[in-house]
Amino acid sequence: MSEQAFVNLAYLVASGLFIFGLKGLSHPRTAVRGNLLGAAGMLLAVVVTVLSRQIVDYTLILVGLVVGAAAGAVLAWRIQMTAMPQMVALLNGFGGAASALVAGAALVEATRPASAGALLERAARAVGLELGGGLELQFTVATAASGLIGAVTFWGSLVAFAKLQELVSGKPLLFAGHVALNALLLAVCLVLAVLVVRHPEQTSYYWLLVGMASVLGVLLVTPIGGADMPVVISLLNSYSGLAAAATGFVLSNNMLIIAGSLVGASGIILTQIMCKAMNRSLPNVLFGGVGAEVAGAGADDIYEGRIKATTPEEVAMLLENARRVVFVPGYGMAVAQAQHAVRALATLLERNGTEVLFAIHPVAGRMPGHMNVLLAEADVPYEQLKDMDEINPIFPQTDVAIVIGANDVVNPLARTDPQSPIAGMPILDVDKAHTVVVIKRSLSPGFAGIPNPLFAADNTLMLFADGKEAVQQITASLKEAVAA
């Protein structure tokens, strides 16, 4: 078997591991195995790629391996679950930056004078330099695509990180003509991309393209509010995959093309699923500015004289005789790190003969599957997690629905107010439960920036407290009531 045939066979095996890994990630029971399969596939691809290259500085590779592994281990150990969306955004950005830098380095290497000798000639061939002295069209087009998409991904991800980390406001930053400005920047980037393809020897065109794409990446994400961050993260993940696939064409590396395509396709599919879950189009997410100040009924008009506060002891009395309880987690649960306390309360309720379920909205939290990850960390059985289609018909037969930190995903305005920024968005029908208990620090609005009539509903009780502390107090009161 020739060396190239062996490399292609190894890449085929790695691709199979990626596919089975993605399939495993589709279910919590097989997620760990799927993650290990994907990691094994990447390890195989990296090792085979390094060993197949004739010109390799193993010292530099070893240094990069040690530094990268150390940084990854520290981040994995120290990052809390509440900060995982920020971490995902950064990883997307790093992938885009790596693609842009590798493509740029390949372009610089390929356009050096041919008189540098046989060593340079072999390196140039590896990145697409034809024997006749010209650069292949595939190489130049892929280089331009990698620089454009990679730079947009990196800087867009940094803005998403800053919003999620609250380094800047999570509200949309809107200004007159921002859509037109983005369109103009995109047109400039496309012109520069054409110049890179036509005049690859002028590497300054490439770096100018990267610079303009960086500005575009910043301006694309700043008008997007925190409510849409799950969709943005998913979309940026797709961008990072597309940038990697383009870099694969730059390097003529089949494995990088396949891996990037898988990431790009899965990210786009997830983005479409989440847009459908919000009953919104992708352009509306990108340019709608949801979360900005909107006209409509004010919070005082909705809440004044209608809010009914409660105590942990009163909630425990409700739960003592409840036959079915549904927990509705939101980002507030993540901030309070209340998932373990919620699991303890759920276990106590089950021992008392109560059926316990968890209602999961696709865009609850700040990244796709955020609530699923938090509850899985607390060992909540997957069978108890119900999506909207399953749980909404159950709410009318639910004795108590406990909302912990969720807001927009349970806001009835989505059904009743056609002028609302969340109009038409599928929501969890929490208001149809017999009694609703909302655990929240205050009446502050969610990321959409609008009040929530659920808080003032006749069947709603508000428990103003930190999510974790409130659940722990309810659990303690319920234990006393059951023991008595």
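This is a predicted model: local features need pLDDT of at least 70, side-chain atom pairs count only at pLDDT 80 or more; totals for chains, interfaces and linings use all residues.

Student: What makes up the protein chain in terms of helices and strands?

Tutor: The protein chain has 19 helices and 6 strands. Helices (H or I, at least four residues) and strands (E, at least two) are DSSP runs, numbered from the N terminus. Along its principal axes, the C-alpha trace spans about 90 × 50 × 35 Å.

Student: Why is Asp399 called buried?

Tutor: Buried means under 20% relative accessible area, exposed over 50%, and partly exposed in between (1.4 Å probe, protein chains only). Asp399 has 15% relative accessibility, so Asp399 counts as buried. Of the 484 residues of the protein chain, 46% count as buried.

Student: How do you know that Asp399 forms a salt bridge with Arg323?

Tutor: A salt bridge needs a side-chain nitrogen of Lys or Arg within 4 Å of a carboxyl oxygen of Asp or Glu. The closest N and O atoms of Asp399 and Arg323 are 3.9 Å apart, and the pair forms a salt bridge. Asp399 sits in the loop between helix H17 (388–391) and strand E4 (400–404), while Arg323 sits in the loop between helix H13 (312–320) and strand E1 (324–329), 76 residues apart. Arg323 has a relative accessible area of 64%, so Arg323 is exposed.

Student: What makes Arg441 and Asp466 a salt bridge, and which parts does the pair tie together?

Tutor: Their side chains meet at 2.8 Å, N to O, in a salt bridge. Arg441 lies in the loop between strand E5 (435–440) and strand E6 (460–464), and Asp466 in the loop between E6 and helix H19 (467–483), so the pair ties together parts 25 residues apart in sequence. Arg441 is exposed at 63%, whereas Asp466 is buried at 14%.

Student: Why is Lys432 called partly exposed?

Tutor: The relative accessibility of Lys432 is 43%, so Lys432 counts as partly exposed. Lys432 also forms a salt bridge with Asp429, with the closest N and O atoms 3.8 Å apart. Asp429 is buried, because its relative accessible area is 10%.

Student: What makes a set of residues a nonpolar core?

Tutor: A nonpolar core is a set of buried Ala, Val, Leu, Ile, Met, Phe, Trp, Tyr and Cys residues joined through side-chain atoms within 4.5 Å. The largest such core here has 37 residues, of which Leu319, Phe327, Phe358, Ile402 and Ile439 touch the most other members. Helix H15 (residues 339–351) gives the most to this core, with 6 residues. A second, separate core of 35 residues includes Ile302, Phe395, Val403 and Ala433.

Student: Which residues form the nonpolar surface patch of about 500 Å²?

Tutor: Leu43, Val47, Leu51, Tyr58 and Ile61 make that patch. Patch residues have over 30% relative accessible area and no salt bridge; like charges are joined within 9 Å, nonpolar side chains (Val, Leu, Ile, Met, Phe, Trp, Tyr) within 5 Å. Accessible areas come from the Shrake-Rupley method with a 1.4 Å probe, and for residues only the protein chains shown count as cover. Leu51 is in helix H2, and at 60% relative accessibility Leu51 counts as exposed. H2 gives the most to the nonpolar patch, with 3 residues.

Conventions. Residues are numbered from 1 along each chain as its sequence is written. Side-chain values use heavy atoms; hydrogens and water are left out.
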